[in-house]
Amino acid sequence: MEKMIDNMEQPEKVILVAVSLDTRPGETDLITQRSLDELEELVETAGAVTVGRIIQNREAVHNGTYIGKGKIEELKALICELEADAIVTDDELSPAQMRNLEDVLEVKICDRTMIILDIFAKHARTREGKIQVELAQLKYSLQRLTGKGIAMSRLGGGIGTRGPGEKKLEQDRRLIRDRISHLKGELEDIVKNREILRRQREKNEMPVIAIVGYTNAGKSTLLNKLTDSDILAKDMLFATLDATTRNLKISGGQEVLLTDTVGFINKLPHHLVEAFKSTLEEASYADIILHVVDSSSEDAFTQMAVVYETLSRLKADGKPVITAFNKQDKGAVENLKDLKADYVVKISAKTGDGLDGLGRTIEQALKDSKVYIEKTIPYSEGAYLNQIRRYGQVEEMSYNENGTFVRAYVPKRLM
């Protein structure tokens, strides 16, 4: 048994490093501490273990080494003391910062973006998800390929540049660009299929509700509970990446489509936003946004702000928003409000508490987005009546000699 344990791969030991801006000496920046708490969760999800952390208060990030010279010496001592294998910074590093830190500290240097990309690579399941992750990784790597300048990567560029042919750095760049071009082509084909599905939904007048929220807010758990699905739902960051759509029947027989999206996070790398744009844009095509919030988190207000900022970047703001304050079973933060939401409900996706109220709120939101009609439909127009039943919310239906009398709320496009 001892031999088996010795042979098991030990997780990497990392030290977290952050720069806290605009703070007075001696004060602990609570926002930075919480950001490092989240980074520690990311590191754990990636399979490493955090053994220490360092925060430096500065007016600006050091252009060359991220942190100042004195803090680097302190960090070198801490690496030796804790026998750390790597450093993870809370902000994305420039190629120069990463190279300089590696030269000085002589350990692996990672930043928040690298950790998130690593988690995405581990959790991607579908072909689209894997393409999106690889695309983001390649774009990140392309910016960090370094060498002795462009003169050294060309054949016949003058004294000292004559050689057997194309240098390895230029070969690497060319290969990465070719691979990026190929992946973009594959992704475009997938996007075309997605657009066909969207047009079909619009043609069918099927309302679409996009479930959005901070990572690990409980979106997948809620989708499972509402639609009796079995999507992977774990208590970890970015447990699910791939957009999932399920049918939901509400009272009166009306059907809606619920679409789960990848979770948002503070400092979400722009490489990921760009690569996952086709998936994240599901929110911009939705009729209603269902914003799931972890009401037990001390950072709930910050997390809500990140979600709204990301929706704005995706041009998905301005739609009706239902905010569901989830995880009430774990104890909600006091005085939690969402002034940007049109409707607010309190739920526990895990226990099912409050889901009836959420269902009624969804019905009300759909009703508010529709047109009210009172109309007698001739029996010869039964197809139109079927559309009202399927895509509208029927208040009353009765039969007379001229046809079927209907009072209902129907989509404007159906009118």
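Two strands are taken as paired if DSSP finds at least two bridges between them. Helices (H or I, at least four residues) and strands (E, at least two) are DSSP runs, numbered from the N terminus.

This is a predicted model, in which local features need pLDDT of at least 70 and side-chain atom pairs count only at pLDDT 80 or more, while totals for chains, interfaces and linings use all residues. Residues are numbered from 1 along each chain as its sequence is written, and side-chain values use heavy atoms, with hydrogens and water left out.

**Stop 1: the three-stranded sheet.** Select β11, β13 and β12, which in that order form an open sheet with antiparallel pairing. The edge positions belong to β11 (371-377) and β12 (393-400); each has a single partner strand, so one side of each lacks a neighbour in the sheet. From one strand to the next the twist averages 10 degrees; axes here are lines fitted to C-alpha atoms, for helices over the stretch in contact, and angles run from 0 to 180 degrees between N-to-C directions.

**Stop 2: the six-stranded sheet.** Select the strands β6-β7-β5-β8-β9-β10, given in their order across an open sheet of mixed pairing. At its edges are β6 (244-249) and β10 (343-346), each of which pairs on one side only. Neighbouring strands are turned by 25 degrees against each other on average, direction ignored. Then display β5 (residues 208-213) with β8 (residues 288-294): the two run parallel and are joined by five bridges. Gly-213 faces Val-292 of β8.

**Stop 3: strand β2.** Select Gln-56 in strand β2 (residues 49-58). Gln-56 counts as buried because its relative accessibility is 14%; buried means under 20% relative accessible area, exposed over 50%, and partly exposed in between (1.4 Å probe, protein chains only). Leaving aside residues up to four places away in sequence, Gln-56 touches Ala-18, Val-19, Ser-20, Ile-67, Gly-68 and Lys-71.

**Stop 4: helix α6.** Finish with α6 (residues 127-142), whose 16 residues should span 22 Å at 1.5 Å a residue; the end C-alpha atoms are 22 Å apart, which agrees. The expected span is 1.5 Å times one less than the number of residues. Buried residues of α6 include Ile-131, Leu-135, Leu-138 and Lys-139.

Definitions and conventions: Contact means heavy atoms within 4.5 Å.
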